[in-house]
Amino acid sequence: MSELVKFSVESGVEVITVENPPVNALSPGVPEGIAESIGRAADGASVRAVVLIGAGRTFVAGADIKQLEEQAHGRGPGAPNLHQLLKSIEDCPKPVVVAIHGSALGGGLELAMAGHYRVASPDAQAGQPEVNLGIIPGAEGSQRLPRLVGVAAAIEMFVSGKAIGASEAVRLGLFDKIIEGDLRAGAVAFARHVAESGGPHRRTRDKTEKLGSPESNAAILDAGRERARKIRRNMIAPLRVIDAVEAAVALPFEEGCRREREIVEKCLAGEEARALIHAFFAERAVSKVRGISKETRTHSIRMAGVIGAGTMGTGIAMVLANAGITVLLKETDQAALDRGVASVRKNYESAVHKARLTAHEMEERIALIQPQLTYSSFGDADIIIEAVFENMSLKKQVFGEIDKIAKGDCVLATNTSTLDIDEIAGATSRPHMVVGIHFFSPAHVMRLVEVVRGARTDKEVIATAMALAKRLRKVGVLVGNCRGFVGNRMMLPYMREAQFLVEEGSTPSQVDQALYDFGIAMGIFAVDDMGGLDLGWRVLQDTKRLLKPGDRTPLVLEKLYDAHRWGQKTGAGWYRYEDGRTPIRDPEVEALIETTAEQAGIARRSISKEEIIERCLYVMINEGSRILGEGFAQRAADIDTIYITGYGFPAYRGGPMWYADTVGLSKIYERILEFHREHGEYWTPAPLLERLVRDRQTFAAFDAANEQAVTGSPESQ
Ligand code: CAA
Ligand code: NAI
């Protein structure tokens, strides 16, 4: 018997337990173990029914994604074909009851659907998230789910990839019963009951009544494809899964399964699956930090202080309160404090309106946020997060003040997006307790948090910040203390290049459209308008100080700033706005760009979409290489995670560094050399990129080579 699957017989019911921590993935040994137990139960004279259950925190989270990764890269056979196993469960002469707690995801749900009955804990979830990995269900889920929940509901689950809760699963016919209390005992009792009732115990494959008619399905399939194109822009798998559902309704079960298999194989051979599987593991790898192990002590956080109740401070306060942490929210005067508190309430009310929160939960969370005008209670805080204006002398003053009142083991964090953490830390008597925790706007929505390590930051403080990010349900990525850290440092040359492109002949909307078509959530000029051109202007003034003679600098931004076209907040920027948020092409800006270019002697020409993408992305990739080479990011994959979770980079392209690998580093390098010749020194190739090209390497190989150093010896710095 497989080590990963245990069995026991209780009152005539064979209980098969999958025990493959952490998430009971269907790794080698698990399907075999289940098959063996089912065979025994089928033959066992004393066994009347079967319960299949998971040990630990969840039922089965699906196929082993490591195996899928190997197949996607042609390095292994991939996840096993579960057809025989699922058939043996469905054909078992004794009723098979699947007991679900935690999540039944992907192959886990497919396994469950082969059972005759499904019972679940009240908090259980079920989903087919395969599209998030660029594939479709590979264990007959596309054939069984529509039979259980109907075509429309199945398509919604497949395309959205979102899990549904237990009561919704019961409503749809996916689960048969919710069991309060002990799931295992309840499932055994349920199994005895159905065995005694004598059946029939219908096989899911034989259920066709929810499959609908060709007429009704045509409209549902069309609507599904439309939705897939909308919410899964440019992706292949969400459309292919609907082809598989079409097969489920048109073909006999076995043929439908074969069709599904063909589609999965094709998806796994494609760039989309490779990129998304990379993104999945990249997001999980970020929590592994060089020099920090599971044993590294973290400070416990029960009470937090937040300084500044502006855009960021209010969002950060909400995020902390959402995690059950008491928050002292401080402002300089009552009016600003009232505005901050009102903004918190407004955001929560909107969540209640969208049914994401109950009114009771909202009040509980608001009660955790205690408005303050002084630091008098801050001595009790376990962490203080500063979110005042982006001004070094103000930040130093604030850190000097909190240094006097914070308790000795209080973590002192700054949300600065550009300033030097070490200089801020220098304003305190305890620079080892100071760390950057850089949230993104809006803080209560965006998943990314950059945890910025200062030169003297204690590793326990870093571990605490990383653990806090996880507790806040954010993706915390450790970055080094350089200008703009990782995300904004790469954003700057990208934004500047976009401005050069418009000066040379594009329009803001052409650049934005090319980026949008590439898959980026929002064009760079629309982003600039949202953030505010005054901010971009300030950054430009700052960077101008660092320019060398002959360096090129954007010209139009200054003129827009002078004309008080500061973006959405003033109703006009690179675009104009009628409703305050939808960008509309503005001929006035285009004329301004033309005259500016003319005055500067820049010859305008027609610029292809391809060049727009190359210049915007390669300049970003070059900066990413520099960051990586200088050690300000631990891995290329960390940069990918930052860009996917914080900057709207399409996950199905794997992030900028992964995308660079797929284009080919030597091709990118050649183009960078051309741009260097045409446009100047700022296109100098990053040394790491040069080295990787010379060694015929990739960023993925660079990461793999470094992984040993990152995870191998926990205490090595
Ligand atoms: N295969 C392999 N490893 C997996 C895995 C899987 N299906 N699911 C999770 N893991 C690993 C993670 O990589 C992580 O490993 P490390 O600790 O080494 O980083 C560990 O399990 C814990 O995962 P999380 O940190 O994500 O834990 P969580 O509690 O936050 O979330 C979860 C748990 C909801 C199950 C989440 O891990 C998840 O969504 N997993 C993926 C589920 C999925 O996509 N399943 C479909 C797989 S494809 C499939 O099944 C194809 C098919 O049709 C046969
Ligand atoms: P904001 O201008 O909206 O809010 C700053 C608030 O701090 C103001 O309400 C001000 O009254 C208050 N304040 C100033 N001095 C104070 C003091 N001594 N004590 C208490 N409150 C004080 O600014 P925003 O946008 O929230 O930015 C805050 C910080 O977050 C800045 O460092 C910024 O760079 C950073 N940041 C901003 C992002 C954004 O998109 N807005 C994104 C990520 C980081």
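User: Why is Tyr647 called buried?

Analyst: In this predicted model, Tyr647 has a relative accessible area of 16%, and buried means under 20% relative accessible area, with exposed meaning over 50% and partly exposed lying in between, for a 1.4 Å probe and protein chains only, so Tyr647 counts as buried. Local features need pLDDT of at least 70, side-chain atom pairs count only at pLDDT 80 or more, and totals for chains, interfaces and linings use all residues. Side-chain values use heavy atoms, with hydrogens and water left out, while residues are numbered from 1 along each chain as its sequence is written.

User: What makes the pair of Tyr643 and Tyr647 stacked?

Analyst: Rings of Phe, Tyr and Trp (its six-membered ring) pair if their centres lie within 6.5 Å, and planes under 30 degrees apart count as stacked, over 60 as edge-to-face and the rest as tilted. The ring centres of Tyr643 and Tyr647 are 4.3 Å apart and their planes stand at 15°, so the pair is stacked. Tyr643 is also buried, at 2% relative accessibility.

User: Why is the pair of Phe675 and Trp683 called tilted?

Analyst: The ring centres of Phe675 and Trp683 are 4.8 Å apart, and because their planes stand at 45°, the pair is tilted. Phe675 counts as buried at 1% relative accessibility, and Trp683 counts as buried at 0%. Phe675 and Trp683 belong, with Phe500 and Tyr682, to one aromatic cluster, and a search of the whole structure finds 13 aromatic pairs.

User: What makes Arg233 count as a charge over the ring of Tyr516?

Analyst: A charge sits over a ring if NZ of Lys or CZ of Arg is within 6 Å of the ring centre and within 35 degrees of the ring normal. The charged end of Arg233 is 3.4 Å from the centre of the Tyr516 ring and sits over that ring. Lys66 likewise lies over the face of Phe281, at 3.9 Å from the ring centre.

Conventions. Chains lettered and ligands numbered in written order.
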